[in-house]
Amino acid sequence: MSTSPRPPTRSAGPGRTRPGWSLALLALAQLIFSLDLNIVFVALPDIGTDLDFPGQTQQLVVSAYVVFAGGFLLLGGRAADLLGRRRIFVLALCVYAVSSLAGGLAGSPEVIVAARAVQGIGGALLLPSTLSLINTLFEEGPKRNRALAVWGGAGASGLTVGALLGGLLTEAFGWPAVFFVNVPLAGLVALAAVFVIPRDPAGTAGRRFDLPGALTVTAGATLLVFALVEGPEWGWASPAVIGAAVAAVVCLAAFAVTESRSADPLMPFRLFRNRSLSAAITVTFLYMATFGTLPYFLTVLLQSVHGFGALETGLAFLVPSVAIAAGTQLGERMTTRLGARTTLITGFLVGAVGTAALSPGFDADAGYGIAVPGLIVSGVGQGIVWTAMWIAAATKVAPGEQGIANGMASTTLNLGNAIGLAVLTALADAGTDGKTGQALRAATADGEFLVVLLTAAGMALGLLIALWLPRAQASGAPVAGSPEPGADAPAAVTEGGRAGEPLTRAVRP
């Protein structure tokens with residue numbers, strides 16, 4: 001396989017490609033994406049006070065983002081494949097910048113919720129386009145593994161930066177600052193991408209955008225995430241939640257029928273024939289339903305049980321964030337030497353042990369220090385799994401299908417978070433009804449103690465799913481005959497030499 005840079009005619013501009021600078025921009029984009037997941041949380045009380053936003057509906061500022069990000073991920077992934085990865089990457093950042101500006105200038109609850117919804121669409125375009133750029137700019141094997149580790153480490157850093165920066169900006173400049181900070185960041189990265197990231201290759205002639213599939217899956221996924229996110233808030237028996245769930249099933253069924261009959265489907269079902277893709281998708285779901293829910297419950301423990309302020313909570317997240325960042329780098333080295341299967345098994349095992357060790361810290365009378373050893377071990381396991389699962393999901397996927405493969409994995413990631421939080425928060429809150437004061441704090445801690453043990457059990461299940469992955473070359477070297485990075489693979493490149501079955505092994509802290 002050739003590892004030479006792309007020809008100058010397909011580079012970002014005059015001269016050759018700049019993989020180091022491209023990776024820096026892609027990592028910075030992931031930092032922005034990760035930062036934005038957390039930065040708004042600490043500003044919610046001030047937003048509610050300033051905009052006369054009732055406390056029970058302030059969660060819409062968060063859920064509007066989650067719902068639209070989850071609903072548009074598949075569309076964003078396929079758009080990157082068909083319309084150009086760099087184009088969609090730049091477009092996503094522009095959407096981020098404009099919606100962030102609108103959010104900061106919002107003078108009413110309706111405007112800020114709408115801005116967050118548009119911001120969610122930007123996130124749905126950004127994540128799969130960023131991943132598909134990494135997976136096509138860097139050849140399969142150690143180079144791609146390292147690039148994904150850098151990208152994952154930037155995401156882990158965003159968890160800390162978001163919590164800390166949110167507290168600092170809100171206290172110093174008011175809540176609009178948590179939106180305004182995205183405007184120059186996203187704008188500069190979008191501008192730099194035009195000059196640094198290689199131009200999109202011409203190679204989509206004759207391929208059409210599956211509009212019926214796009215509409216049905218986007219509507220179905222958005223309605224499903226809406227039902228899962230709002231169910232705990234509005235009640236599972238509320239007409240809006242039931243109606244959204246029923247409509248989601250109808251839309252997704254229509255999507256399945258549409259895709260089975262489409263000559264150029266949005267999501268080719270043959271991708272599921274690849275065992276590595278199916279396993280990676282399941283792993284991303286379990287990852288977010290377990291590891292991904294812990295920050296929420298840790299925040300509740302620190303603020304509602306121990307009385308930490310926003311800035312203190314941000315500082316407390318330094319420990320797990322550093323551990324996660326270290327784990328992402330360890331995950332890259334392990335995957336390169338041992339393969340994704342062994343690395344994921346190890347990561348889930350470490351995560352399960354560390355999370356179980358974390359559980360004694362979820363006690364009303366336990367100090368933060370008791371939780372630190374578990375936070376470190378669990379964080380390292382989380383970082384290992386994060387890097388390895390994206391490496392597994394990128395392996396042997398044809399460049400022309402990297403976007404949709406990453407969109408599929410990102411969608412299950414989002415659904416895992418929505419379903420995991422819906423189920424676990426219901427369990428955690430089951431014993432808190434009617435309690436106040438110290439009794440409420442004790443009941444909250446007890447409920448979260450149970451939830452942490454359940455997440456550890458879920459990580460053990462992830463270990464079993466990882467066994468489903470095919471055994472890979474320990475070096476992570478690409479398989480002979482894999483397409484050159486950055487080029488759209490022809491359909492003749494097949495797995496096991498079977499005609500008509502392209503190499504498609506698939507790939508947010």
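Predicted model: local features only at pLDDT ≥ 70, side-chain atom pairs only at ≥ 80, totals over all residues.

User: Which hand does the crossing of H5 and H6 have?

Analyst: The crossing of H5 and H6 is left-handed. The residues that make up the contact of H5 with H6 divide into 15 nonpolar, 10 polar and two charged.

User: Staying with H6, is Ser-132 buried or exposed?

Analyst: Ser-132, which has its place in helix H6 (residues 109–137), is buried, because its relative accessible area is 0% and buried means under 20%.

User: And what is Ser-132 in contact with, leaving aside its neighbours within four places in sequence?

Analyst: With those neighbours set aside, Ser-132 is in contact with Ala-80, Arg-85, Gln-402, Gly-403 and Asn-406.

User: Switching to aromatics, how many aromatic pairs does the structure hold?

Analyst: The structure holds 10 aromatic pairs. One of them joins Tyr-296 and Phe-297, whose ring centres are 5.1 Å apart with the planes at 80°, so this pair is edge-to-face.

User: Tyr-296 and Phe-297: buried or exposed?

Analyst: Tyr-296 is partly exposed, with a relative accessible area of 38%, whereas Phe-297 counts as buried at 1% relative accessibility.

User: What about Trp-386 and Trp-390, how are their planes set?

Analyst: Trp-386 and Trp-390 also form an edge-to-face aromatic pair, with 5.6 Å from centre to centre and 75° between the planes. Both tryptophans sit in helix H17 (residues 368–394), and because they are four residues apart there, about one helical turn separates them. Trp-386 is buried at a relative accessible area of 0%, and Trp-390 is likewise buried at 0%.

User: Which residues form the aromatic cluster with those two?

Analyst: Trp-386 and Trp-390 belong to one aromatic cluster that also takes in Trp-151, Tyr-287, Phe-291 and Phe-348.

User: Last topic: where does Ala-263 lie, and is Ala-263 buried or exposed?

Analyst: Ala-263 lies in the loop that runs between helix H11 (239–261) and helix H12 (275–290), and Ala-263 is exposed, with a relative accessible area of 78%.

User: How far is Ala-263 from Asp-210?

Analyst: From C-alpha to C-alpha, Ala-263 and Asp-210 are 9.1 Å apart in space, while in sequence they are 53 residues apart.

Definitions and conventions
Residues numbered from 1 in each chain as written. Heavy atoms only, no water. Helix = DSSP H or I, 4+ residues; strand = E, 2+ residues; numbered from the N terminus. Buried < 20%, exposed > 50% of the residue type's maximum accessible area, 1.4 Å probe, protein only. Contact = heavy atoms within 4.5 Å. Left-handed = near helix turned anticlockwise from the far one by under 90°. Nonpolar A, V, L, I, M, F, W, Y, C, P; charged D, E, K, R; others polar. Phe/Tyr/Trp six-rings, centres within 6.5 Å; stacked < 30°, edge-to-face > 60°.
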